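Hi everyone, thanks for coming. Let me put the chain up on the screen, and then I'll talk you through it.

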Amino acid sequence: MTTKVERAEFIDRRLAELYPETPVPLDHRDAYTLLVAVLLSAQCTDKRVNLVTPHLWALADTPAKMALVPVAEIQRVIRPCGLSPQKAKAIAGLSRILVEKHRGQVPRTFAELEELPGVGHKTASVVMAQAFGVPAFPVDTHIHRLAQRWKLTNGHNVEQTEADLKRLFPQERWNQLHLRIIFYGREHCTAHGCDGTDCEICRTVAPERKRPVKTKK
Ligand code: SF4
């Protein structure tokens, strides 16, 4: 497979066969609880977030209720997710802004989402894709690593990887595909688990590869 387009077509097809269903990994009830869950998942596993959020929702599960909860109380509950001082401050802050500026609703634009405290482009992309069904290609560490291993990008940085993947895959495939890549990354293609020659995917997209592949963070 010599061209990036050929590799992308193979990967899209093969991952759809392996993961026909693409359930959202973070448990949530609506756009707001998804936004908060994604924020909590920074440097934390989805599994851990899903253990913590039922306790957080018991405290408050709407922006209006959360805006009334002391930051220290939020921090106590979310401590197992790590970075809890910053995350608690961000959750309190964004909840207040949603009430004051967005009538208690999660805004449906990248720009307004990325204005919220603790919400970067990746988090905004996850919410746009998984809560609102708007095509997006959030690039996390798994996707950044696999896209390099599959020779779809040079991995200069996550912005470059996002731009390359958006160019290579049809827009209507993005929302399911980014989840499928994450699923494959977690199940088979871990950070230290492979040198890039083991499984059928790399053997198909990089048959010439003889030495372990190094990826940029
Ligand atoms: S060979 Fe290794 S690096 Fe390549 S896709 Fe398979 S598990 Fe990932």
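I'll go through the domains, then the interface, then the ligand, then the salt bridges.

A quick word on the source: this is a predicted model, where local features need pLDDT of at least 70 and side-chain atom pairs count only at pLDDT 80 or more, while totals for chains, interfaces and linings use all residues. Residues are numbered from 1 along each chain as its sequence is written, and side-chain values use heavy atoms, with hydrogens and water left out.

So, the domains. The assignment gives domain 1 as 4-22 + 137-205 and domain 2 as 31-130; such bounds come from an automatic or database domain assignment. Taken over C-alpha atoms, their centres are 27 Å apart.

How do the two meet? In domain 1, 8 residues contact 7 residues of domain 2, contact being heavy atoms within 4.5 Å. Between them they bury about 580 Å², with 53% of it on carbon and sulfur atoms. That is accessible area (1.4 Å probe) lost by the two parts on being put together, summed over both.

There is 1 salt bridge between the domains, meaning a side-chain nitrogen of Lys or Arg within 4 Å of a carboxyl oxygen of Asp or Glu. Here Arg-186 pairs with Asp-46, and the closest N and O atoms are 2.8 Å apart. On the domain 1 side, helix H11 (residues 174-187) gives the most, with 4 residues; helices are DSSP runs of H or I, at least four residues, numbered from the N terminus.

Now the ligand. Among the residues around it are Arg-149, Trp-150, Tyr-184, His-188 and Asp-198, where near means a heavy atom within 4 Å.

Finally, the whole structure has 11 salt bridges. One of them joins Arg-14 and Glu-17, at 2.6 Å from N to O. These two are 3 residues apart in helix H1 (residues 4-18), so about one helical turn separates them.
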